[in-house]
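Hi everyone, thanks for making time. I'd like to walk you through one protein model today, so please have a look at the screen.

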Amino acid sequence: MKLKNKLTFVATTMMAALLLCSPATAADQQSDWKVGVGYQGMWAGEFLNGISGRAWYQDRFGIEGNFFYGGVDFRVSDGASFKQEADLYVGEIKLMYAPIVREYSKFYGGIQGSIGSFDLDGDLINYKDEVYGFGVFIGSEFHFQEFPELGFNFDVGYKHYFYEDRPFGSGGPKIDLELKGIGATFGIHYYF
């Protein structure tokens with residue numbers, strides 16, 4: 001199965017699960033589930049923007065699914081003209097636990113797993129491959145009394161992405177790439 005199909009499957013499954021939980025939440029205001037959809041942004045040197053689904057069970061246990069996309073297009077013109085495009089897709093799942101829950105805020109921690117794809121396409125290079133990652137994080141989510149259905153969140157944690165391949169065949173050099181360090185994300189979700 002190609003990575004784009006895998007990412008589409010993960011994103012579709014997450015959104016279907018969240019939407020299936022939402023009728024119960026809408027019908028019963030005392031439901032154990034609180035489900036929202038919205039925006040999540042990842043700081044990765046630049047912002048990587050994405051769509052997000054987030055659900056809390058009894059305000060303590062949470063799951064979040066994110067799909068990020070970033071792209072770069074550039075041209076080089078010096079006698080001859082070259083065009084190059086680079087796209088990055090990342091799907092991410094977070095499992096969260098909130099030990100501190102207040103009326104309009106909560107503090108949580110968790111783990112996350114990611115799978116992504118980068119695609120270089122153009123006159124100079126044509127190359128596609130996958131990247132995987134994992135991490136741990138802490139964060140907070142808060143609501144304003146006037147807008148209790150809007151949740152604003154901020155997370156910070158350690159992420160480790162890794163990639164290994166021989167892009168020029170079995171006789172070519174092996175590339176081991178590790179991107180690791182402290183990263184931050186922020187988001188806004190509308191809860192049903």
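Let's begin at Val131: leaving aside residues up to four places away in sequence, Val131 touches Ser114, Ile115, Gly116, Ser117, Tyr161, Phe162 and Tyr163. When I say "touches", I'm talking about a contact, meaning heavy atoms within 4.5 Å. Val131 also belongs to the largest nonpolar core, which has 9 residues: Met42, Leu48, Phe68, Val90, Phe118, Tyr127, Val131, Tyr161 and Tyr163. Strands β6 and β7 each supply at least two residues of this core. Apart from that core lies another one, of 6 residues, among them Met96, Tyr108, Phe137 and Tyr191.

A nonpolar core is a set of buried Ala, Val, Leu, Ile, Met, Phe, Trp, Tyr and Cys residues joined through side-chain atoms within 4.5 Å. Buried means under 20% relative accessible area, exposed means over 50%, and partly exposed is in between, using a 1.4 Å probe and protein chains only. Strands are DSSP runs of E with at least two residues, helices are runs of H or I with at least four, and both are numbered from the N terminus.

Before going further, a word on where this comes from. This is a predicted model, so local features need pLDDT of at least 70 and side-chain atom pairs count only at pLDDT 80 or more, while totals for chains, interfaces and linings use all residues. Residues are numbered from 1 along each chain as its sequence is written, and side-chain values use heavy atoms, with hydrogens and water left out.

So how confident is the predictor? pLDDT is its confidence in each residue, from 0 to 100. The mean pLDDT of the protein is 82, and 76% of its residues reach 70 or more. Over residues 23-28, though, the pLDDT is below 50, and that stretch has 5 contacts in the model beyond near neighbours in sequence. Where pLDDT is low, the predicted coordinates should not be read in detail.

Now for the strands. You can find Phe118 standing opposite Asp129 in β6. The hairpin joining β5 to β6 goes through 4 residues.

Follow the chain onward to β7, residues 147-165, which is antiparallel to β6 and joined to it by 12 bridges. Here the bridge partner of Val136 is Tyr158 in β7. These two strands form a hairpin as well, with 2 residues between them.

Next, the loop between β2 (47-57) and β3 (61-78), where Gln58 is found. Most residues other than glycine have a negative phi. Gln58 has a positive one, near 55 degrees, and Asp59, in that loop between β2 and β3 too, has a positive phi of about 60 degrees. Gln58 is partly exposed, with a relative accessible area of 44%. Asp59 is partly exposed at 33%.

Let's move to strand β4, residues 80-101, and find Asp87 there. Is Asp87 buried or exposed? Buried, with a relative accessible area of 16%. Its side chain and that of Tyr69 are joined by a polar contact of 2.7 Å. A polar contact is a pair of N or O atoms within 3.5 Å; within protein, one must be able to donate a hydrogen and the other to accept it, and residues adjacent in sequence count only if both atoms are side-chain atoms.

Last topic: charges. Side chains of opposite charge can pair when their charged atoms come close. A salt bridge here is a side-chain nitrogen of Lys or Arg within 4 Å of a carboxyl oxygen of Asp or Glu, and a search of the whole structure finds 8 of them.

Take Glu64 and Arg54, whose side chains meet in a salt bridge at 2.5 Å, N to O. Glu64 sits in strand β3 and Arg54 in strand β2, 10 residues apart. Both Glu64 and Arg54 are buried.

Lys94 and Glu64 meet in a salt bridge as well, at 3.9 Å, N to O. Lys94 lies in β4 and Glu64 in β3, so this pair ties together parts that are 30 residues apart in sequence.

Lys94 also forms a salt bridge with Asp155, with the closest N and O atoms 2.7 Å apart. That pair links β4 to β7, 61 residues apart, and both Lys94 and Asp155 are buried. Put together, Arg54, Glu64, Lys94, Glu141 and Asp155 are linked in a network of salt bridges.

Notes
pLDDT = per-residue confidence, 0-100. Pairing = 2+ DSSP bridges.
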